[in-house]
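Q: I have a model open and would like to learn how to read its features one by one. Could you walk me through it?

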Amino acid sequence: MDWFGAENSDAARFVLQRGVALVYVLAFVAALRQFRPLLGEHGLLPVPAFVARVPARLAPSMFHRHYSDVLLVALAWLGLTVAATLVVGLPQSGPPWLPLLAFAVAWAIYLSIVNVGQVFYGFGWESLLLEAGFLAAFLGSDDVAAPVTVIILFRWLVFRVEFGAGMIKMRGDPCWRDLTCLYYHHETQPMPNQGSWFFHHLPRPLHKAEVAANHVTQLVVPFLLFVPQPVATFAAAVIVITQAWLVLSGNFAWLNALTMLLAFSAVGDEQLDAVLPWSVGTPGHAPMPEWFAVVVLAMTALMVVLSWWPARNLLDHHQKMNASFNRWHLAGAYGAFGSITRRRNEVVVEGTEDEDPFTTDWHEYEFKGKPGPTGRMPRQWAPYHLRLDWGMWFLALGSPSQHRWFTVFLLRLLEADVPTLRLLRRDPFTGRQPRYVRARVFRYRYSTWEELRRTRQWWVRRETGILVAPQSLETMRSLLR
C-alpha cells in the first residue's frame, strides 16, 4: 500500500487534524454559551417544538429521541473534550482507528446540534466544519502516512469553497464584474470589525484592485491546488494570504480561519521545510493497515458519488450558494456574498420603565458584535460566532425567517430573562424588567475622516421607521399564545 500514502503531507495532516479540531472546540464553546437561550427548552426557537414537526429522516440528530438542556450541555462538553484531545494530538499517537473514532464522535455531536439549530445554525460554515471534520477522521495516525485520497478530497473541498465563491460573484451582483463591490462591502457587511472603517476609506482604485485580485484568487488559483509541487504550495499560500486579508477587514465566524487551515492540504513537507527550519514529519511510516485502506477507499468512493451534486452546481447558471445536498452535510456547495447591499439598516431595540409608552425616556439594548451606539468601534469576534447578532443583520435586511424568534426575543427582554440578557453586551436596566420595548430601524453609514475627528463617532445614523411599536409584557404574551 505504499502508493496509497502521501509521504509529502505530514505537515498538512498535522495542521488539518489539529486545526479542524480547534475549530470544533470553538464551535462547542459557542454552543455551551449560546444554544440554550437561543434554542433550548425555553429558547427563542425551542428544539422540542422543532423536532415535533420535523422528522428525524430530514434532520438526523441525537435530540430527536429526547432533548433537554442537560443533555445538550453533556454532549457539548463531550464533544469539546474529545476535540481538545485531538488538538494536543493524543488520539493521533495511537493506531489509525483512534483519531477516526475521536473525529467521528465530534462530528456526530455537532451534526446533531446543527440539524436542530434552525436559522441560528443555517450558515455555510457549519456544513464546511462538518465536512472538514468528517474528512479529518480518515487522515490516520502519526505512525502511518496520510492517505493520498483524503488529501485530494481536502483540496477538492477548498476548491469548492473558493471557486464556488468566485462563480457566485460573477453570476450575481454586477458590482463584482465592474469591480465596485468594495465601495460598499466593508460598510454593509454583517459584522464589521475594528479594521472595517479604515478598509472602507481606502482609495477607490485600490478597492477595484482588491476585487480583481479576489477574482484571480477564487477563479484561477484553485485549479493550481491539483498541480504538482511546488505550485500547489504556492496556490495554498495565495489562499491563506487572501483569507488573512479578509480576517483583518471583517468578522465572518470561522469561515476564513477554517479555509486557511484547509488550504494546508496542498502544502508539501519539502516546500515548508524550505521556509521554516522545522518539520512535523516523521523519519518513516509503518505500513498502512489493510482494513484502514479499505475503509478510506470506501469513504472516498462515497465522497466521489456525493460530489456529483456540488460539481453540477458549480456549472449551473442558477448556482446555489451554501447549499447542502444531503442531511449529513457532506459534499456541499459553498460561496459567499453573491450580492452586496448598498445601504446598511440596523434594528435598534429599546426599552423604557415609564408607564407612558410615548415617553422620550427610552434606553438602547447593546449587542456584542453588531453596530449600535455610533461612538463604539466594532471589535474583532471571529472566529467566534455571535449567532444572535448575525440574526439581527438578517432581520434588518427584511428576512421573514427571523421574525418568529425576534418576537420571542422581545418577550424575553420584557421578562428580563437572565440567559437572554447574557447574549447582549449591555442591559440598560441592569436586570430590571422594562414596562415596554420597541424596535426602530435606522440607516447607518460610516463617518468620514472629518466627522470622526470632529465628533469621535464611527457611525452616523438616522431613523427610517418602526419595526415594532411599543409593546408591554401582557400584549407580547397574548400575541404569542
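A: Let's begin with helix packing: an axis is a line fitted to C-alpha atoms, for helices over the stretch in contact, and the angle between N-to-C directions runs from 0 to 180 degrees. Helices (H or I, at least four residues) and strands (E, at least two) are DSSP runs, numbered from the N terminus. In this structure, helix α6 (residues 148–171) packs against helix α10 (residues 204–219) at an angle of about 130°, their axes being 7 Å apart. Angles under 35 degrees count as roughly parallel, over 145 as roughly antiparallel, 65 to 115 as roughly perpendicular and the rest as oblique, and α6 is therefore oblique to α10.

Q: Before we go on, what sort of model is this, and how are residues numbered?

A: It is a predicted model, in which local features need pLDDT of at least 70 and side-chain atom pairs count only at pLDDT 80 or more, while totals for chains, interfaces and linings use all residues. Residues are numbered from 1 along each chain as its sequence is written, and side-chain values use heavy atoms, with hydrogens and water left out.

Q: Which handedness does the crossing of α6 and α10 have, left-handed or right-handed?

A: A crossing is left-handed if the near helix is turned anticlockwise from the far one by less than a right angle, and right-handed if clockwise. The crossing of α6 and α10 is left-handed. Contact means heavy atoms within 4.5 Å; among the residues that make it here are Phe163 and Met167 of α6 and His215 and Leu219 of α10.

Q: How many residues of each class are in the contact of α6 with α10?

A: Ala, Val, Leu, Ile, Met, Phe, Trp, Tyr, Cys and Pro count as nonpolar, Asp, Glu, Lys and Arg as charged, and the others, Gly among them, as polar. The contact of α6 with α10 has five nonpolar, five polar and two charged residues.

Q: At what angle do α1 and α3 cross?

A: Helix α1 (residues 10–39) and helix α3 (residues 69–88) cross at roughly 160°, and their axes come within 8 Å. They are therefore roughly antiparallel to each other, and their crossing is left-handed. The contact includes Phe28 and Phe35 of α1, along with Trp77 and Leu80 of α3. By class, its residues divide into 19 nonpolar, one polar and three charged.

Q: And how do α5 and α13 pack?

A: Helix α5 (residues 124–136) and helix α13 (residues 255–263) have axes 10 Å apart, at an angle of about 30°, so α5 is roughly parallel to α13. Here Trp125, Leu128, Leu129 and Ala132 of α5 meet Leu255, Leu258, Thr259 and Leu262 of α13.

Q: Which cysteines form a disulfide?

A: In general, a disulfide is a covalent bond between the sulfur atoms of two cysteines. The rule used here asks for a pair of cysteine sulfur atoms within 2.5 Å, and the count comes to one disulfide. Cys175 and Cys181 form it, with their sulfur atoms 1.7 Å apart. The torsion about their S-S bond is about 70°, so the disulfide is right-handed.

Q: Are Cys175 and Cys181 buried or exposed?

A: Buried means under 20% relative accessible area, exposed over 50%, and partly exposed in between (1.4 Å probe, protein chains only). Cys175 and Cys181 are buried.

Q: Where does Thr374 lie?

A: Thr374 lies in the loop between β5 (366–367) and α17 (387–396), and Thr374 is buried at 18% relative accessible area. Leaving out residues up to four places away in sequence, Thr374 touches Gln457, Trp458, Trp459 and Arg461. As for α17, nine of its ten residues are buried, so this helix is largely enclosed by the rest of the structure.
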